[in-house]
Amino acid sequence: MITLAATPVLAQDLVVYSARADNLLKPIVERYQQQTGTKVTLVSDKAGPLMERLKAEGTNTPADVLITVDGGNLWQAAQEGLFRPISSQTLRNNIPSHLRDPNNQWYGLSVRARTIFYNPSKVHPSHLSTYASLADAKWKGKLCLRTSNNVYNQSLVATMIANNGAANTEKVVKGWVDNLATAPFSDDTKLLEAIAAGQCDVGIANTYYYGRLMDSKPNLNVKPFFADQNARGTHVNVSGAGVVKNSKNVAEAQKFIEWLSGAEAQNLFVDANFEYPANPRISPNKALQSWGRFKHDFINVSTAGKNQRQAIMLMKKVGYN
């Protein structure tokens, strides 16, 4: 964990609490410092500990901005009163409504799709369609999943509940469990490697894990398939940011988030971690473009948080570990 230096923070400086990998955010922060002269101090940890820290610090917090991953985490931070609303025409212009908080407390800054991946030696893409179709008996013993305690899967199931109802979603998730080739994996990278190795034929993972893996193993025998394109669209989620409620430097914090939504920072997000830009006027990089275009599910990503508890209970009920 990166902690604060002992030197005092000046009024014009920013302190950013970040649940993003430090090596991904540092180049972006350094560019902002070069352009503006504003010093940015990063404090890095997982989302849960950072939120607990903000609650414990209260009005004494040095933090100005909270950056974290997943709409579920962002929703929770808003529910716990850790953000203040941002009134910004720049952010409203740059970030589509489904990728930001309905009450303007946080904004998505980068996008990842959680979709289907398959082994092309075993599966033809014409055999694939929806997340729900992976519950079909033809995938018995052929499906790989990440564990249910991962927030990305919780968010996927949470939006499925909103779109299709709890009863239908329960049937689908039970079908997934019945079709598992092996115990759920601890991370998406291991899941994708298992598909390539023939341990399973299909699985569900975030696109940026695939981009990272293909960057180091370009001949990996795995391909993406964008799910639900003839229905609502592929599930997307975000990393995002909001101004901390007790920030002492609100104007500079807002300016920083606005800059993160603009062209230069959006391109840095895309290049650093194989993520899609949240700003629709920015093009994905060539690797992502090569996977093809896809339609987003335009349900607001905050739904992942609203239905998260119900999703966790549903997954436990059907034995999804």
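Asp228 lies in the loop between strand 8 (223-225) and strand 9 (236-244); helices here are DSSP runs of H or I with at least four residues, strands are runs of E with at least two, and both are numbered from the N terminus. Asp228 is not a glycine, yet has a positive phi of about 60°. Asp228 is also buried, with a relative accessible area of 15% (buried means under 20% relative accessible area, exposed over 50%, and partly exposed in between, with a 1.4 Å probe and protein chains only).

A word on the model before the details. This is a predicted model, in which local features need pLDDT of at least 70 and side-chain atom pairs count only at pLDDT 80 or more, while totals for chains, interfaces and linings use all residues. Residues are numbered from 1 along each chain as its sequence is written, and side-chain values use heavy atoms, with hydrogens and water left out.

**Other loop residues**

- Asp70 also sits in a loop, between strand 3 (65-69) and helix 3 (71-79).
- Asp70 is not a glycine, but its phi is positive at about 80°, and the residue is buried with a relative accessible area of 0%.
- Thr182 belongs to the loop between helix 6 and helix 7 (188-196) and is partly exposed, with a relative accessible area of 25%.
- Leaving aside neighbours within four places in sequence, Thr182 is in contact with Leu143, Cys144 and Gln199 (contact means heavy atoms within 4.5 Å).
- The C-alpha atoms of Thr182 and Gly141 are separated by 7.7 Å, with the two residues 41 apart along the chain.

- Strand 1 (residues 14-18) pairs with strand 2 in the parallel sense over five bridges (pairing needs at least two DSSP bridges between two strands).
- Tyr17 has Val43 as its bridge partner in strand 2.
- From strand 1 the chain crosses through helix 1 (residues 22-36) to strand 2 in a right-handed β-α-β crossover (the path over the helix runs clockwise with the strands pointing away from the viewer).

**Helix packing**

- The axes of helix 5 (residues 151-164) and helix 6 (residues 166-179) come within 7 Å and cross at roughly 140° (axes are lines fitted to C-alpha atoms over the stretch in contact, and angles between N-to-C directions run from 0 to 180 degrees).
- Helix 5 and helix 6 are therefore oblique to each other (under 35 degrees is roughly parallel, over 145 roughly antiparallel, 65 to 115 roughly perpendicular, and the rest oblique).
- Residues making this contact include Leu156, Met160 and Ile161 of helix 5 and Val172, Val173 and Trp176 of helix 6.
- Helix 6 also packs with helix 13 (residues 308-317) at an angle of about 45°, with the axes 9 Å apart, which makes this pair oblique too.
- Ala166, Thr169, Glu170 and Val173 in helix 6 meet Gln310, Leu314, Met315 and Lys317 in helix 13.

**Helix 10**

- Helix 10 (residues 263-273) has Ala265, Gln266, Leu268, Phe269, Val270 and Asn273 as its buried residues.
- Their cover includes helix 1, strand 5 (107-118), helix 8 (207-216), helix 9 (250-260) and strand 10 (276-277).
- Phe274 follows helix 10 and has a positive phi, near 55°.
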